[in-house]
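Me: I would like to go through this structure step by step. Could you show it first?

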Amino acid sequence: MKKKIVLSIVLLAGAFCFVYFWNKYAYAGEENYFSSVTKPEQGLQIGIIGDSWVVRQNLDSLLSRKLSDQGVHAEIYSSGNPGAKTKRIYENLFKEDGEEFSSKKVIEKKPDYCIVIAGVNDAATHVGPDFYTHHMMMIIKTLLHYNIKPVVVSMPEFGVEEDFKNKNIISGFGNKGAELVLNGGAAFKIQDYRNALLEDLKQNGLDQKVVVLNFDEVTKDYEKDRNLFGDPLHLNKLGYQKFSEFLAKGIVNLTGKR
């Protein structure tokens with residue numbers, strides 16, 4: 001009887017671990033492009049998609065004001081999904097408008113540019129550069145398919161180690177297990193994710209079709225610039241002021257080249 005109980009516990013634990021790791025590390029399937037006959041509106045149109053960094057501190061309004069200060073008027077359409085990894089951000093592009101966190105509306109607006117702010121949750125859950133680049137490439141290719149120029153913010157600097165210390169036992173174990181399997185036990189660095197994406201863009205011949213904005217212009221060191229962060233994963237009000245200025249500068253540079 002005791003053996004049966006032990007065996008049942010082991011099987012349940014094994015099933016739980018399998019489902020947990022599958023949900024965390026499985027790649028998204030490629031979605032079918034949807035038909036869209038919407039014509040772009042007049043004037044500069046900008047989309048923003050990503051994770052919680054898009055919805056915190058009213059980034060769209062901040063960016064609009066920073067652009068206006070430099071004499072650039074733009075209509076901005078944003079859609080952010082707090083906690084989302086790049087996999088979910090890609091899937092959100094194909095959700096119908098009534099579904100939670102759908103960003104299909106951004107594509108339907110046919111903006112000139114779409115700013116992609118993603119990757120913090122990938123790095124925080126230690127899914128690895130391959131997972132990140134796979135889904136970033138799918139996002140980029142989707143935008144290009146609809147003649148929208150992707151403007152990718154390189155994976156932001158944040159407190160990776162500090163965030164790990166705040167995790168519960170299951171999450172911490174899962175992250176360490178992932179590093180063991182995917183990287184020989186060594187911790188992934190933010191630069192590993194950035195380099196992998198740049199290499200994939202080059203190998204796919206997309207490096208000239210995508211604009212990559214280097215987040216180091218905001219901060220390259222979490223420890224030295226903690227005054228810009230509200231917590232290890234997110235910027236605070238001061239950080240968003242600097243971040244929105246950085247985005248506005250990137251857009252102004254692009255519009256000057258059009």
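Me: Where is Lys-110 placed?

Reply: Lys-110 is in the loop between H5 and S3. Helices (H or I, at least four residues) and strands (E, at least two) are DSSP runs, numbered from the N terminus. This is a predicted model, in which local features need pLDDT of at least 70, side-chain atom pairs count only at pLDDT 80 or more, and totals for chains, interfaces and linings use all residues. Residues are numbered from 1 along each chain as its sequence is written, and side-chain values use heavy atoms, with hydrogens and water left out.

Me: Is Lys-110 buried or exposed?

Reply: Lys-110 is buried, with a relative accessible area of 13%. Buried means under 20% relative accessible area, exposed over 50%, and partly exposed in between (1.4 Å probe, protein chains only).

Me: And what is the phi of Lys-110?

Reply: Phi of Lys-110 is near 50°, which is a positive value in a residue other than glycine. Phe-101 is also not a glycine and has a positive phi of about 65°. Phe-101 lies in the loop between helix H4 (86-92) and H5, and it is partly exposed, with a relative accessible area of 32%.

Me: What about H5 itself, where is Lys-105?

Reply: Lys-105 is in helix H5, which covers residues 104-108. Lys-105 is partly exposed, its relative accessible area being 43%.

Me: Which residues does Lys-105 touch?

Reply: Leaving aside residues up to four places away in sequence, Lys-105 touches Ser-78, Ser-79 and Asp-97. Contact means heavy atoms within 4.5 Å. Lys-105 and Lys-95 are 10 residues apart in sequence, and their C-alpha atoms are 9.3 Å apart in space.

Me: New topic, the sheet. In what order do the strands come?

Reply: The open sheet is formed by 5 strands in the order S2-S1-S3-S4-S5, and the pairing is parallel. Its edge strands are S2 (74-80) and S5 (211-213), each of which pairs on one side only. Neighbouring strands of this sheet are turned by 20° against each other on average, direction ignored. Two strands pair if DSSP finds at least two bridges between them.

Me: How do strands pair in general?

Reply: Strands of a sheet pair through backbone hydrogen bonds, either parallel or antiparallel.

Me: How many bridges join S1 and S2?

Reply: S1 and S2 pair in the parallel sense over 7 bridges. Ile-49 has Ser-79 in S2 as its bridge partner. Strand S1 (residues 44-50) also pairs with strand S3 (residues 113-117), in the parallel sense and over 5 bridges. Gly-47 stands opposite Cys-114 in S3.

Me: Why is S2 called largely enclosed?

Reply: In S2, 5 of the 7 residues are buried, so the strand is largely enclosed by the rest of the structure.

Me: Which strands does H3 lie across?

Reply: H3 lies across S1, S2 and S3, and it runs at about 155° to S2. Axes are lines fitted to C-alpha atoms, for helices over the stretch in contact, and angles run from 0 to 180 degrees between N-to-C directions.

Me: Which residues of H3 are buried?

Reply: The buried residues of H3 are Leu-59, Leu-62, Leu-63, Lys-66 and Leu-67. Seen down the axis of H3, they fall within an arc of 130°, so they line one face of the helix. The arc is that of the directions from the helix axis to the C-beta atoms.

Me: What is the state of Ser-61?

Reply: Ser-61 is partly exposed, with a relative accessible area of 34%. Its place is in helix H3 (residues 59-69). Just after H3, Gly-71 takes a positive phi of about 80°.

Me: Now H10, how many residues does it have?

Reply: Helix H10 (residues 190-203) has 14 residues and reaches 20 Å from its first C-alpha to its last, close to the 20 Å expected at 1.5 Å a residue. The expected span is 1.5 Å times one less than the number of residues.

Me: Which residues of H10 are buried?

Reply: They are Ile-190, Tyr-193, Arg-194, Ala-196, Leu-197 and Leu-201. These cover an arc of only 165° around the axis, which puts them on the same side of H10. The face turned away from the buried side of H10 carries the exposed residues Lys-202 and Gln-203.
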